[in-house]
Amino acid sequence: MNYFVVGESEIMSAIKIGKISFSNIMPIYHFFRTDQFDEHQVELIPQVPSQLNRSMAAGTIDMGPISSFEYGRNYKEYEILPDLSISSKGQVRSIFLFSRKPIEELKEAKVALTDKSATSNHLLKVILEKFYESFSSYKVMPANLEKMMAIADAALLIGDDALLASWNNPGYYMYDLGELWYKHTGLWSVFAVWAVRREVTHSKSELLRSVHNEFLHSKKRGLTDLDTVVAQAKKEFGATAEFWKVYYTGLSYEFTSEHKKGLEYYYACAAELGLLEEAAKVEIWSPDSRQSAV
Ligand SMILES: C=C(O[C@@H]1C=C(C(=O)O)C=C[C@H]1O)C(=O)O
């Protein structure tokens, strides 16, 4: 009766799901129905990306949208859930480099990086080094533009910090990282992927399938009923409905072969510059894979 024991323990154990505590994620989570699951079966844990990355590595969350760079660093421990990401082909509108000088002049500059990111911090290094022959020095700091610019020539912000700073930019040059990457490579930027710890694909496979389905359902609903998400974002963060509409439709939450191509090139560049030990393999979990019953 071994399979009963396995089944029961799977039903009992909850799955801990990370949630990015930025507005970028709202179209995916707004309609996520935790009440579809038995009590205590799923738990949503909101954190900024760098915290989510650490929680996944420590195993205190089982799955969630982590920085794609962090997947690359730890790809042997994780798999990627299909059809989910936070990406852009060109402008992302919430990842900006603020600079006192034009980017072409940042040759040996001091650059402040945000302590909330992993993908964008390393993407900036790739862009500056590979496309602008810049050999700058970097310092990771709390995300505060004024304090960052007090010690640096340029500063990188992501998420809501970047949105707010772009609305109140005191006159710095502003560069959108999605736009820069596209300009120099013609490829997608994939900032976050939904990763799952490998052991969870075995120990909680049934629940994982249901959670993945629920994510696809809530994404579909969020994108069809975008006006509801837009109204919520406007209420929580300000700005105009038009802004949020443009922002959310400019982001992509898919993960197609074109996204994969952009991500693999990013990993290749990061490995070339020594930011990753090796170019990570992009391995997608298949909801149809079944563990053998015995
Ligand atoms: C589009 C964004 O994508 C993100 C950027 C991340 C990173 O740089 O590590 C991680 C998750 C996403 O939140 C954003 O934060 O604005």
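Let me start at His 40, which lies in the loop between α2 (26–29) and β2, where helices (H or I, at least four residues) and strands (E, at least two) are DSSP runs numbered from the N terminus. His 40 has a positive phi of about 70 degrees although it is not a glycine, and as background, most residues other than glycine have a negative phi. His 40 counts as exposed because it has 9 C-beta neighbours inside 10 Å; on this scale a residue is buried if 20 or more other C-beta atoms lie within 10 Å of its own, exposed if 12 or fewer, and partly exposed in between, with C-beta atoms placed from the backbone.

Before I go on, please keep in mind that this is a predicted model, in which local features need pLDDT of at least 70 and side-chain atom pairs count only at pLDDT 80 or more, while totals for chains, interfaces and linings use all residues. Residues are numbered from 1 along each chain as its sequence is written.

A second residue with this kind of backbone angle is Arg 93, which is not a glycine and has a positive phi near 75 degrees. Arg 93 sits in the loop between β4 and β5, and it counts as buried because 20 C-beta neighbours lie inside 10 Å.

Leu 44 has 13 C-beta neighbours inside 10 Å, so it counts as partly exposed. If we leave aside neighbours within four places in sequence, Leu 44 is in contact with Ile 17, Lys 19 and Thr 34, contact meaning that the C-beta atoms of two residues, placed from the backbone, lie within 7 Å.

Thr 60, by comparison, is found in the loop between α3 and β3 (63–67), and it counts as exposed because it has 12 C-beta neighbours inside 10 Å. Again setting aside neighbours within four places in sequence, Thr 60 is in contact with Lys 16 and Ser 55, while the C-alpha atoms of Thr 60 and Pro 49, 11 residues apart along the chain, are separated by 14 Å.

Now to the overall layout. The protein is divided into domain 1 (2–88 + 189–272) and domain 2 (95–185), with bounds that come from an automatic or database domain assignment. Between these two domains, 19 residues of domain 1 are in contact with 16 residues of domain 2. On the domain 1 side of that boundary, the elements giving two or more residues are α3 (49–58), α4 (68–73), β10 (189–197) and α13 (257–272), and the largest share, four residues, comes from α13.

What, then, lies in the largest nonpolar core? It has 81 residues, and those with the most contacts inside it are Ala 155, Leu 157, Leu 177, Val 193 and Ala 195; such a core is a set of buried Ala, Val, Leu, Ile, Met, Phe, Trp, Tyr and Cys residues joined through C-beta atoms within 7 Å. Strand β10 gives the most to this core, with seven residues, and because domain 1 and domain 2 both give residues to it, the core lies between them. Val 193, leaving aside its neighbours within four places in sequence, is in contact with Ile 66, Ser 68, Tyr 71, Ile 80, Ser 85 and Phe 255.

Leu 177 brings us to helix α8 (residues 177–185), in which Leu 177, Gly 178, Leu 180 and Trp 181 are buried. These four cover an arc of only 165 degrees around the axis, which puts them on the same side of α8, the arc being that of the directions from the helix axis to the C-beta atoms. Among the elements covering these buried residues are β4 (78–88), β5 (95–99) and α5 (119–132). Just after α8, Gly 186 takes a positive phi of about 70 degrees.

Finally, the ligand. It is surrounded by 18 residues, of which the closest are Ser 67, Ser 94, Ser 117, Ser 120 and Phe 191, a residue being near if its C-beta atom, placed from the backbone, lies within 6 Å. At least two residues of this shell are supplied by each of α5, α7 (159–167) and β10, and at least three are drawn from each of domain 1 and domain 2.
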